[in-house]
There are 2 protein chains.
Amino acid sequence: MTDPFVVIGGDAAGMSAASKAKRDDPSREVIVFEKGSWVSYAACGMPYYVKGSVDELDDLVAMTPETFREERDIDLRTGHEVVSINRGEQTVTVATGDEQFEQPYGDLLIGTGAQAIVPPFDGFDRDGVFTLRGMDEADAIERYVDTQEPATAAIVGGGYVGIEMAEALTEHGIDVTIFEMLPRTLQPFGEEAARIVEGHLRDQGVDLQLETAVQGFSGGEAVDAVEVEGDEDPVPADIVIVGVGVAPNVELAEDAGIELGPTGAIATDEFGRTNDESVYAAGDCAEATNVVTGEPDHVPLALTANRAGRAIGATVAGEPAQIGKTAGTAIVKAFELGAARTGVLDAERAREAGFDPVSVTIDAPTRPHYYPGATELTVTLVADRESERVLGASIVGRKGTKRIDTVATALHASLTVTELQNLDLAYAPPFSPVWDPVLTAAKVLSGKLEG
Amino acid sequence: MTDPFVVIGGDAAGMSAASKAKRDDPSREVIVFEKGSWVSYAACGMPYYVKGSVDELDDLVAMTPETFREERDIDLRTGHEVVSINRGEQTVTVATGDEQFEQPYGDLLIGTGAQAIVPPFDGFDRDGVFTLRGMDEADAIERYVDTQEPATAAIVGGGYVGIEMAEALTEHGIDVTIFEMLPRTLQPFGEEAARIVEGHLRDQGVDLQLETAVQGFSGGEAVDAVEVEGDEDPVPADIVIVGVGVAPNVELAEDAGIELGPTGAIATDEFGRTNDESVYAAGDCAEATNVVTGEPDHVPLALTANRAGRAIGATVAGEPAQIGKTAGTAIVKAFELGAARTGVLDAERAREAGFDPVSVTIDAPTRPHYYPGATELTVTLVADRESERVLGASIVGRKGTKRIDTVATALHASLTVTELQNLDLAYAPPFSPVWDPVLTAAKVLSGKLEG
């Protein structure tokens with residue numbers, strides 16, 4: 001009998017893999033070790049729990065441990081930490097409470113996720129200073145807001161989490177300041193999108209401190225201010241959320257001689273396999289191939305994790321399935337605005353990948369001028385000058401930003417700007433102008449490439 | 001000096017071609033003959049004018065004749081009807097008022113559009129019986145509703161126009177009955193989509209008479225009832241809208257020996273050229289190549305017309321541009337619902353094109369279960385069994401039906417179901433579940449193809 005399929009980590013990648021493997025091959029034993037107590041939860045929903053749009057933290061849990069055990073026949077063990085992978089014996093060493101044991105595996109999936117990066121800020125250990133990575137932290141932030149009733153908040157980092165948390169805390173009547181070291185927020189979205197979002201954040205009362213490096217957090221037991229580098233006065237903050245990015249959890253893999261890729265995450269092939277053919281990696285700890293550059297990329301987002309996990313589940317059950325590529329597609333809500341991006345927007349990154357990027361930014365309405373309720377979308381579209389291949393896009397506006405999916409699909413199919421422009425997209429006045437904003441952007445970029 | 005670029009018909013295809021040709025080659029004379037008085041108007045907006053969402057009929061005009069003449073330097077002549085094309089001499093005969101003259105052309109574009117099909121109904125000439133094809137008809141319907149205050153309306157034909165007009169007239173407090181000869185409405189949208197729309201129409205108080213053939217319209221000077229075949233009693237109707245489809249206006253072309261295609265519309269090549277290399281055809285009178293079947297198709301929709309016109313304008317200005325293919329992508333609002341479709345949904349049509357269609361229909365939310373405001377989408381996805389190539393889709397729901405564009409893009413790129421399933425689409429709780437409904441449909445269809 002084959003040794004079990006063992007999964008390290010019970011979140012998106014791990015539980016998707018376990019579920020799929022068990023469904024496709026019910027006779028195979030599937031064991032999941034999760035060191036914490038939460039499994040299969042929607043991390044992306046946490047800011048909305050803090051905001052109050054989601055009533056209970058449990059609502060973010062797609063499926064309970066009991067359901068996995070009872071309905072899916074998965075041997076899911078929470079409170080079990082895998083402390084080493086012993087590739088020679090094909091076992092993992094598992095610690096739980098005071099005990100340790102060895103668990104043999106036939107196939108192994110590393111789904112250890114990522115952790116919030118914690119820069120060496122002074123006073124990080126004061127009460128009221130949080131990162132937002134797991135459910136326990138979401139819970140703690142919500143309780144702190146509820147019991148301490150902070151009047152001011154500082155958010156360190158102007159990425160998605162920072163912006164979503166700015167919205168969440170503003171909803172509680174808290175005055176929010178975002179500190180961003182770089183000259184703009186939302187790096188992966190490009191300058192055009194970021195500028196619009198920044199204007200909107202300011203309109204909503206968020207104080208945006210760009211090019212401002214945080215030094216530490218002052219106060220007593222609890223934080224009361226943020227200290228910044230330079231001569232600036234400390235900025236009052238009764239609560240601080242640090243969201244400056246995540247780093248893949250690769251220690252366990254590295255210690256076992258599993259190879260990392262150029263991004264620092266675990267290197268995998270098209271089936272999610274590492275350099276050991278019995279060991280897979282998926283989710284926020286692993287790389288995936290970028291569909292535009294063809295190079296390994298680290299995009300710690302939910303869909304990538306779910307999909308790779310599911311594919312690996314199918315593969316270990318005997319039906320090899322590719323984990324799919326990433327376009328780095330992402331979308332974020334910033335108060336009333338949506339901002340979406342896909343592919344390669346950054347000119348320098350495009351050049352490193354061998355492209356000569358040309359870009360346009362257009363404003364276009366979501367509906368014809370005569371139909372009520374039109375709002376404006378700003379679309380930035382980037383293509384390679386010579387091949388005219390589409391490289392990336394961003395879309396910002398109050399409605400209709402899911403149109404980014406059209407460009408993401410075009411990236412997967414390596415379409416040129418002319419091919420994008422010639423797509424037969426849906427039109428009727430309540431839904432779109434005749435030329436959808438994506439088509440208009442393609443039309444304008446096509447003109448620029450010719451001219 | 002080159003003879004002028006002459007355009008017959010001043011609507012979407014014609015004015016797009018004229019504008020693009022003049023922009024790309026300002027020295028070339030461009031003449032447009034339009035037999036009516038309206039140019040470049042949004043026919044798709046007319047039901048919303050009748051509904052009252054659009055204040056003035058003029059709001060539907062994208063650009064006035066004066067603007068075309070003065071700002072774009074196009075010799076646009078309304079009230080000028082081309083009565084024959086004389087290919088030997090490369091001239092058209094133009095009638096205006098009591099006069100006729102010959103106009104030489106270097107290149108000619110036939111953009112004569114389509115006309116409403118008028119079945120031989122008794123009493124079609126009674127007051128209060130309308131088709132909805134042009135702006136004058138939209139105007140007449142609106143005035144009739146305003147002055148005659150009909151209490152009951154009959155709509156003959158359950159296509160887009162019928163459904164949009166049902167919504168428009170219901171808005172005026174009129175009791176609406178739709179008569180459809182076939183067993184269901186919205187033929188091109190497939191049974192799954194049509195059934196949901198039909199349920200919703202009934203919920204909104206529309207009386208839906210399927211498999212009911214209309215015989216004629218009774219009354220005095222004005223219509224007061226619809227007579228149906230069989231033993232049924234006449235159905236009261238103070239106003240009647242007949243929307244049973246359109247037929248391409250091909251007489252002028254046919255008389256000049258321009259070839260028609262298998263659909264009965266004018267046959268064209270990838271540049272919109274007819275069998276005469278100086279003569280192009282575009283818009284509702286012309287065929288385009290279906291992206292799924294590779295066969296000529298007749299899809300009289302606005303984007304196809306605009307795009308083909310624009311490409312032909314570029315081509316006659318010296319820079320050949322392809323008119324693009326059609327996926328038959330369409331979207332329609334039916335009260336609170338949107339319904340969208342693309343590609344080949346009909347099993348029989350798929351089989352005729354050499355495919356072995358397999359289809360699934362799934363329900364999926366537009367947002368994760370825990371995020372407020374989710375509504376349900378019903379997605380039908382069709383693929384070929386052997387090649388697993390995606391053939392078509394429909395999407396119905398209250399929000400998010402523009403997701404059809406993702407599938408339309410997949411059709412243009414000939415993606416397989418697995419490739420569709422592996423698209424990196426945008427996810428964040430306010431915008432989508434982790435697996436977008438399109439991906440979920442692909443996942444389920446993929447399982448069915450394997451199973």
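Ground rules, for my own use. This is a predicted model, where local features need pLDDT of at least 70, side-chain atom pairs count only at pLDDT 80 or more, and totals for chains, interfaces and linings use all residues. Residues are numbered from 1 along each chain as its sequence is written, chains are lettered from A and ligands numbered from 1 in the order in which they are written, and side-chain values use heavy atoms, with hydrogens and water left out.

**Entry: domains of chain A**

I noted domain 1 (5–114 + 247–316), domain 2 (118–244) and domain 3 (336–450) in chain A; the bounds come from an automatic or database domain assignment. In chain A, 14 residues of domain 1 are in contact with 17 residues of domain 2 (heavy atoms within 4.5 Å). About 1,500 Å² is buried between domain 1 and domain 2 of chain A, meaning accessible area (1.4 Å probe) that two parts lose on being put together, summed over both. A:Met46, A:Val50 and A:Lys51 supply 42% of what domain 1 of chain A buries there, more than any other three residues.

I then checked charges: the rule finds two salt bridges across this domain interface (a side-chain nitrogen of Lys or Arg within 4 Å of a carboxyl oxygen of Asp or Glu). A:Lys51 also turns up in a salt bridge with A:Glu167, at 2.7 Å, N to O.

**Entry: chain B against chain A**

Here I found 60 residues of chain B in contact with 60 residues of chain A. The buried area is about 5,000 Å², and carbon and sulfur atoms give 64% of that. I counted two salt bridges between the chains; A:Asp436 and B:Lys402 form a salt bridge, with the closest N and O atoms 2.7 Å apart.

**Entry: symmetry**

I superposed chain B on chain A with a rotation of 180° and 0.0 Å of shift along its axis, RMSD 0.0 Å (least squares on the C-alpha atoms of residues with pLDDT of at least 70 in both). The two copies are thus related as by a two-fold rotation axis. In chain B, the C-alpha nearest the axis belongs to B:Thr406, 2.5 Å from it.
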